[in-house]
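Please look through the briefing below with the sequence and the structure side by side. It begins with how the terms are meant and then goes through the chain topic by topic.

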Amino acid sequence: MAQRLIVATANAGKAREFKKMLPAFDVCCFADLGVHCDVEETGTTFYENALIKAKAAAELFPHDFVLADDSGLEVDALGGAPGVYTARYAGEGASDDENIAKLLIALNGEENRRARFVCRLVLLSPDGKITSVQGESEGRILYEKRGEDGFGYDPVFFSEDLKKGFGECSEEEKNTVSHRGRALRKLMEILR
Ligand code: IMP
């Protein structure tokens, strides 16, 4: 039977991507297990926040592998913001639409639209070993939303690798170049 791996996320979009990309594991997320595990992301780096989430999940599932991620968007013209504040850019509990609206306003009149998605993964094994990797995906912030696919900031992110928006591509296509896809492939290399 495949080794159980608990993905410490309540985000359905992320959970779906992890499941697709880790077929060798029996991947479960909090929603599958009926668990609610909300921790405050008090870190100042993606690594610190991913570790906080992984440790909280490991307390609930001490006998399983636990995988946590922290991801976000770094926009050059905003000095790397929103960074670790990406999920709550327009305030605690902000919707994707509110976050996107704030980002487009912040970049109003700005020609340098360069940005990247960053994904930091932390894997905790039952014996407490920490494995951590980071993946990045370069792109540009569009002037308006494009496409119907994806989640979060996807509708305003134009991928330099795919030469189209993340909101305009299938999940499979996005996984080949996404920050999470790249981080996961690095992790799989290490685990091999
Ligand atoms: P986290 O759950 O703290 O990692 O929040 C990350 C933030 O970045 C959320 O607002 C997500 O919607 C956004 N985000 C992370 N990965 C992606 C992605 O692949 N596409 C679009 N938005 C993303």
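Helices (H or I, at least four residues) and strands (E, at least two) are DSSP runs, numbered from the N terminus. This is a predicted model, in which local features need pLDDT of at least 70 and side-chain atom pairs count only at pLDDT 80 or more, while totals for chains, interfaces and linings use all residues. Residues are numbered from 1 along each chain as its sequence is written, and side-chain values use heavy atoms, with hydrogens and water left out.

**The chain as a whole**
- The protein chain has six helices and seven strands, and along the sequence these follow the pattern β-α-β-α-α-β-α-β-β-β-β-α-α.
- The radius of gyration of the protein chain, taken over C-alpha atoms, is 16 Å, close to the 16 Å that the globule rule (2.2 Å times the number of residues to the power 0.38) gives for 192 residues, so the chain is as compact as a globular protein of that length.
- Among contacts (heavy atoms within 4.5 Å) between residues at least 6 apart in sequence, 56% join residues at least 24 apart.

**Helix α4**
- The buried residues of helix α4, which spans residues 96-106, are Asn99, Ile100 and Leu103.
- These residues lie on the same side of α4, because they cover an arc of only 95 degrees around the axis, where the arc is that of the directions from the helix axis to the C-beta atoms.
- An α-helix has 3.6 residues a turn, so residues three or four places apart point the same way.
- What covers the buried residues of α4 includes the strands β3 (65-75) and β5 (130-141).

- Pro82 is found in the loop between β3 and α4, and the peptide bond from Ala81 to Pro82 is cis, with omega near 0 degrees.
- Gly128 lies in the loop between β4 (114-124) and β5, and it counts as partly exposed because its relative accessibility is 48%.
- Gly128 and Ala77 are 51 residues apart in sequence and, from C-alpha to C-alpha, 39 Å apart in space.
- Lys163 lies in the loop between β6 (157-159) and β7 (164-165), where its phi is near 60 degrees, a positive value in a residue other than glycine.
- Lys163 is exposed, because its relative accessible area is 54%.

Methods. Buried < 20%, exposed > 50% of the residue type's maximum accessible area, 1.4 Å probe, protein only.
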